[in-house]
Amino acid sequence: MHTTALDPTLEQTLAAARAPGLTLVIGNKNYSSWSMRPWVAMKAFAIPFTEVRILLDRPDTATNIAKWCDSGRVPVLLAGDMTIWDSLAICEYIAEQFPDKHLWPQDVAARAMARSVCAEMHSSFTSLRSTMPMNVKGNYPGKGRTPATQADIGRISEIWEECLSRFGHNEFLFGDFSIADAFFAPVVSRFKTYGVVLPPALSAYCERMRSHPAVAEWLDQALAETESAPLHDAEMPD
């Protein structure tokens, strides 16, 4: 994977990124949970891409994102002349383009449930996102535990328990690693940052997730980042 950082030669960077192949535009790895999902999915399934990282909470952040997509948010996937934004849309596109890699479970019932839990993760758990913002470097055990956040943690635990018991066979949510696991990878990171205690089976799942090469690579690179995002840091609990 080739990584490009935005710099004064932005036009050259943009021109290079529009070359044949896939380019994934992301935010800081320490903070950007939305970026983590398609990045992990593509790495896990050995789908080659060029990475462009845009630093968040900078005066030029919005301008730099606008160079790639009008949505004003990351992640963004460039595929030739096409622009795909939103993490779920990106993963669906990748799954369609690489059907032999089986990013979704092959079993019909498992695939339907995988799509359902990804959609729920994508649209729900607003309290968890608010009170436990992603910060891989952070360590805030016990923080952010509002009643609504506890309810979100409970619901996520229910999802994991059902997926693992019905389809997971004590491995990942649907046996083999899938888009569903990539979608919950930021939650696994959050649970570590905020010291969420889980039942043994779910704690073991989190350990397997953190040890997965794609997830581990993202986390290692997040820990190695030196840039901060002031607005994101301001959201961290005292």
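Visitor: Where does Asp-176 lie?
Guide: This is a predicted model, in which local features need pLDDT of at least 70, side-chain atom pairs count only at pLDDT 80 or more, and totals for chains, interfaces and linings use all residues. Residues are numbered from 1 along each chain as its sequence is written, and side-chain values use heavy atoms, with hydrogens and water left out. Helices (H or I, at least four residues) and strands (E, at least two) are DSSP runs, numbered from the N terminus. Asp-176 sits in the loop between helix H7 (147-168) and H8.

Visitor: Is Asp-176 buried or exposed?
Guide: Buried means under 20% relative accessible area, exposed over 50%, and partly exposed in between (1.4 Å probe, protein chains only). Asp-176 has a relative accessible area of 64%, so Asp-176 is exposed.

Visitor: How far apart in space are Asp-176 and Leu-103?
Guide: In sequence, 73 residues separate Asp-176 and Leu-103. In space, C-alpha to C-alpha, the distance between Asp-176 and Leu-103 is 9.2 Å.

Visitor: Is Phe-125 buried or exposed?
Guide: Phe-125 is also a loop residue, between H5 and helix H6 (126-131). Its relative accessible area is 5%, so Phe-125 is buried.

Visitor: Which residues does Phe-125 touch, not counting residues up to four places away in sequence?
Guide: Contact means heavy atoms within 4.5 Å. Not counting residues up to four places away in sequence, Phe-125 touches Glu-120, Asp-152, Arg-155, Ile-156 and Ile-159.

Visitor: Which residues are buried in helix H4?
Guide: Helix H4 covers residues 87-97. Its buried residues pack against elements including strand E2 (22-26), helix H2 (33-44) and helix H5 (108-123). The buried ones are Ser-87, Leu-88, Ile-90, Cys-91, Tyr-93, Ile-94 and Ala-95.

Visitor: Which backbone nitrogen does a side-chain oxygen of Asp-86 reach?
Guide: Look at the start of H4. There, a side-chain oxygen of Asp-86 comes to within 3.0 Å of the backbone nitrogen of Leu-88.

Visitor: Why is the protein as compact as a globular protein of that length?
Guide: The protein has 11 helices and 5 strands. The radius of gyration is taken over C-alpha atoms, and the globule rule is 2.2 Å times the number of residues to the power 0.38. That rule gives 18 Å for 238 residues, and the protein is as compact as a globular protein of that length because its radius of gyration is close to this, at 17 Å.

Visitor: What share of the residues in the protein is buried?
Guide: The protein has 238 residues. Buried residues make up 53%.

How values were computed: Polar contact = N/O pair within 3.5 Å; in protein donor to acceptor, adjacent residues only side chain to side chain.
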